[in-house]
Amino acid sequence: MSTKVLISGASIAGPALAYWLGRYGFETTVVELAPALRDGGQAVDFRGETHLTVLERMGVLDELRALGTGGSPMTFVDRRGRQLLHLPAEFAGGDVEVPRGELAQVLHQRTLPRTEYLFGNSITALEETPTGVRVDFQHGAPRKFDLVIGADGLHSNTRRLAFGPEERYVRHLGYYAATWQLPNYLGLPPGSVGLNVPGRLAAVGANHRDPARAGTFFVFASAELRYERHDVAQQKALIRDAFAGLGWEVPRLLESLERTPELYFDSISRADVPAWSAGRIALLGDAACGATIGGMGTGTAVVAAYVLAGELARARGDHRTAFTRYEHALRDYAKGCQKGGDRTGPFLAPGTATGLRVRNGLLNRRWILSRMLETGKQISSVDLPDYAAEPSNAAASSVVAGRVGPRTARRRR
């Protein structure tokens, strides 16, 4: 009987892990709260040899290059529309940039032959026993799995159930971000142009696939706000208040906000979990060591999925050994990448006029841009084993080795 693994989250990290586990012979199920894969979303990028090596070993690198946006140049303007700073496509786009929704589709398709997906569902309770984890779902009967992996993002439900409340692990970094779609009434090319004033950025750019559509990207500085994460009307009100009184195209963009049925709104925060596993339950990607924006989270998640699956196969399902090796191999790497998220808000929307002038003056110098790009590639690199080449990984173990201790407390929503 093969090892049964439940993965919570069907965005990027979850399907990436499902791909590798399926390749090694594990029996994998992915549960996702959303009713289907999410379309659209901001473009995400991969940069440096490590990211590209994992994508190549997955067999998706050429496909993602074909779907690539070519990068997303960014232009910052003042209230009169005068250019303050222009960042070239490779600054934000890395070596390969692809719309998040299209990346999710590629990974989903690669996993379908070996993976069960439960959309429109979520975990409500976890009970660990000496031989597995009993999982209760929002819909359907309880099931038992050998291992459970939380790949459900910065606001991880799995982490909350198995490790404790979010406030223990997630720290607000002083900014909020929002995106939504609208018609491209300005006739903009791909990329973005945005008004930058102290503590605020209101940007808009054409959709890379449909030039008649555009997407916004709003960032503003704020102390931590109390709001309902699923109350879109409340979130729209927060955005309107934060950007009231600004000129340029902001009033028209805020008008489009009222009409949009879908809105992404979240704090710019980071997650720091002291240990990425507890018994038979482990965390992956942003749930373990994430940053909302700017922390190379997508690339790190894909690398982490590769390592976690490889260590489980190498350890023949011995989760205690595999989880320890997985965290030892990646913790310092992931935290190094994550640090970029600490600087994202102050970079995009410096809090003072002086901060804006200093940023613009520095980044208008090409050699400084080049050095920052090279530093990013170095940070995103780490030595990786070639797990698929190891004889022990030719097929996955059919048994989860060992027993766990008496930790059987039930965790409920």
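**A loop proline and its setting**

Mentor: Pro 35 is found in the loop that runs between β2 (27–32) and β3 (43–46). This is a predicted model, and the values that follow are computed from it. The relative accessible area of Pro 35 is 74%. Exposed means over 50%, so Pro 35 is classed as exposed. Once neighbours within four places in sequence are set aside, Pro 35 is in contact with Phe 119 and Gly 120. Pro 35 can also be placed against Ser 192: the two are 157 residues apart in sequence, and their C-alpha atoms are 30 Å apart in space.

Just after the helix comes Gly 25, with a positive phi of about 95°.

A positive phi also turns up at Trp 248, where the value is near 55° and the residue is not a glycine. Trp 248 belongs to the loop between α7 (232–243) and α8 (250–259). Its relative accessibility is 24%, so Trp 248 counts as partly exposed.

Ser 269 is part of strand β17, which covers residues 264–271. With a relative accessible area of 2%, Ser 269 is buried, since the cut-off for that class is under 20%. The side chain of Ser 269 makes a polar contact of 2.6 Å with the side chain of Ser 267. Beyond four places in sequence, Ser 269 touches Leu 154, the run Val 170, Arg 171, His 172 and Leu 173, and also Gly 290, Ala 291 and Thr 292.

Gly 290, one of those partners, is located in the loop between α9 (286–289) and α10 (297–314). Here the relative accessibility is 0%, and Gly 290 therefore counts as buried. Apart from residues up to four places away, Gly 290 touches Leu 154, Ser 269, Arg 270, Ala 271, Gly 285 and Gln 338. Thr 216 is 74 residues from Gly 290 along the chain, with 23 Å between their C-alpha atoms.

As for the whole chain, the protein has 13 helices and 20 strands. Its radius of gyration is 22 Å, close to the 22 Å given by the globule rule for 413 residues, so the protein is as compact as a globular protein of that length. Along the principal axes, the C-alpha atoms fill a box of roughly 65 × 40 × 35 Å. Buried residues make up 54% of the 413. Of the contacts between residues at least 6 apart in sequence, 73% link residues at least 24 apart. The accessible surface is about 17600 Å², and carbon and sulfur atoms account for 52% of that area. There are 50 positive and 42 negative side chains, and the centres of these two sets are 3 Å apart.

Key
Residues numbered from 1 in each chain as written. Predicted model: local features only at pLDDT ≥ 70, side-chain atom pairs only at ≥ 80, totals over all residues. Heavy atoms only, no water. Helix = DSSP H or I, 4+ residues; strand = E, 2+ residues; numbered from the N terminus. Rg over C-alpha atoms; globule rule 2.2 N^0.38 Å. Buried < 20%, exposed > 50% of the residue type's maximum accessible area, 1.4 Å probe, protein only. Contact = heavy atoms within 4.5 Å. Areas by Shrake-Rupley, 256 points an atom, 1.4 Å probe, with all protein chains shown as cover. Lys, Arg positive; Asp, Glu negative; His and termini not counted. Charge placed at Lys NZ, Arg CZ, Asp CG, Glu CD. Polar contact = N/O pair within 3.5 Å; in protein donor to acceptor, adjacent residues only side chain to side chain.
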